[in-house]
Amino acid sequence: MIKTIDLFAGAGGLSYGFLMTGKYQLVAAAEINKKAQETYKINIAKDNDNFEFIDDVVGYDFSALNDRLGSSIDVVIGGPPCQGFSNANRQKNHLISMNNSLVKEFFRAIRQIKPKAFVMENVSMLESDTHRFYESYKDNDEIDALISKGYHIPKRKDILLLSKTTYEGIDMRILPESDLSVLRIPNRLTHLLNVLKKDIGNTRRLPNFLSKNTLTIKTQIESYISSATKINSELKQQLCNRLTKIKLGIEDQHPEEVIEDLDYIVGLQKLIESITEISENELIGQYEFSEEEGLRFIVNSYSVIDYVNAILGDEYIQRGDVLNAEWFGVPQERRRYIIVGIRRDIYIKKGIELVLPNTSTVKSVPTVGDAILDLVPYEVGYEPTYAPLPYIQQRDISDYALCMRNGSSFVKNHITTKTTAKAMERFKKIKQGKNFHSLSLEDKDTYSKPERTQNTIYLRLDPNKPSGTVVNVRKSMWIHPILDRAITVREAARLQSFPDSFEFNGTKDSQYQQVGNAVPPLLAKGIAALLLEY
């Protein structure tokens, strides 16, 4: 058996596809999410008493892991997240996505283990200019050494705008070198004030937010002010004065009257967070400030894909391209960037050219109807736990559905979200293949900016076509092709090519998220089969 480890394993879609070939044995996996870990364990690691689970790859000693396993790791697979640094891709207001550094952790594992081969799966836009690393003291010498050896890692100057706003009482020129702890307020309080600021003006959301969070905000502000009295600082006192005004504003149910104080507090905390991230990531650059341009950080960057193509030097022969899950019999258009690497000595010995598929490997692509319509007779559940229902006698079940049933006698995880009256009105009006934008204006009244709603929201699936990219279909509120309800976890899993024998664990939302984040097993199986040539 080919010994394999999966980094950033999630629920185990990539691992399961490798297992489907019957040639690979998963001996270790890394996944930080506890619910996804449990799903992985009950489906993939359940029969291996010596299986090693890694909670966090950051700083992990992969050389020691390989030694414990008798230097037997043949293949490393995984899908490290990579969100990119463009404004459109920033998540949770972080200037520097820590997810990008996980790509470097993946290749650090390759260098420590030196496997015979590796597979990295990522977003289809990975090879674009969007996904970049900033120069950092942590590894800049290594990057410059690769450039000096002739590897193509061009750098460009980036200007990170940290703030166009100036803050009363604060000298923006010296702020990055100041003691930022004096200006910090608790993260939980920052989050609540940020949401409050966004909800002002929204007549539906603001009252709900205030009813749920007013007491918490008041308590947090009072606690902060109480602790701040021990610190003799004019800036600290200024923050306390503004927070006191905010507290009074929400007590009077008129937070709009303290919007300037909210802007000040929330904006300043975001600025402090950005400066802190720059420091913690040891970025190489300099701050600049002017009244016209605001506070900026000037730094060089280089693309993730150039890093990926160079970091292993000449040790591996690599090929990378965008593959579509449809090509491997998945009833879903899902484009992912796949990199396959073969250790040079093995590649030369085999003498087989490494070529990734660029067209379909199946005669026909299953449709949404092929994937899920046989599940219509089964009652859905609304709680995270679902008593498995035995299959019933049915006619005209598609070949794909029969394939998904293979190895199982039950329908599992057939759970969905309860539908509000307003959502049900929308469900009934949306036709197959249409989405939220097909509704009239009066049906969009709970959205403040309906024109900005993504095309995946309130999408009723077309039974005669493959689906679009499966994400967390609960959050997107995907609608069943012929029933007026949301897609279940099992139906989403079918669209991802998870067989019915594969059971998801955790909260309802966690199960949906695990399915949406996964690599379709049939896509993974196709890649695993390609590696077998070596």
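Which residues does proline 481 touch, not counting residues up to four places away in sequence? In this predicted model, proline 481 touches Val368, Ile372, Gln432, Arg460, Leu461, Pro463 and Ile487. Proline 481 is found in the loop that lies between helix H15 (473-476) and helix H16 (489-495), and with a relative accessible area of 2% it counts as buried, because buried means under 20%.

Let me turn now to a pair of helices. The axes of helix H8, residues 234-251, and helix H9, residues 259-280, come within 9 Å and cross at roughly 130°, which makes H8 oblique to H9. On the H8 side, the contact is made by Gln238, Leu239, Arg242, Leu243, Lys245 and Ile246, and on the H9 side by Glu260, Asp261, Leu262, Tyr264, Ile265 and Leu268. Sorted by class, this contact has seven nonpolar, one polar and four charged residues.

My next stop is helix H18, residues 521-531, where eight of the 11 residues are buried, so the helix is largely enclosed by the rest of the structure. The buried residues are Pro521, Leu522, Leu523, Ala524, Ile527, Ala528, Leu530 and Leu531.

Finally, a word on cysteines. Cysteine 240 is buried, with a relative accessible area of 6%, whereas cysteine 403 is partly exposed, at 43%. A disulfide is a covalent bond between the sulfur atoms of two cysteines, and with sulfur atoms required to lie within 2.5 Å, the count here comes to zero disulfides.

Technical notes
Residues are numbered from 1 along each chain as its sequence is written. This is a predicted model: local features need pLDDT of at least 70, side-chain atom pairs count only at pLDDT 80 or more; totals for chains, interfaces and linings use all residues. Side-chain values use heavy atoms; hydrogens and water are left out. Buried means under 20% relative accessible area, exposed over 50%, partly exposed in between (1.4 Å probe, protein chains only). Helices (H or I, at least four residues) and strands (E, at least two) are DSSP runs, numbered from the N terminus. Contact means heavy atoms within 4.5 Å. Axes are lines fitted to C-alpha atoms, for helices over the stretch in contact, and angles run from 0 to 180 degrees between N-to-C directions. Angles under 35 degrees count as roughly parallel, over 145 as roughly antiparallel, 65 to 115 as roughly perpendicular and the rest as oblique. Ala, Val, Leu, Ile, Met, Phe, Trp, Tyr, Cys and Pro count as nonpolar, Asp, Glu, Lys and Arg as charged, and the others, Gly among them, as polar.
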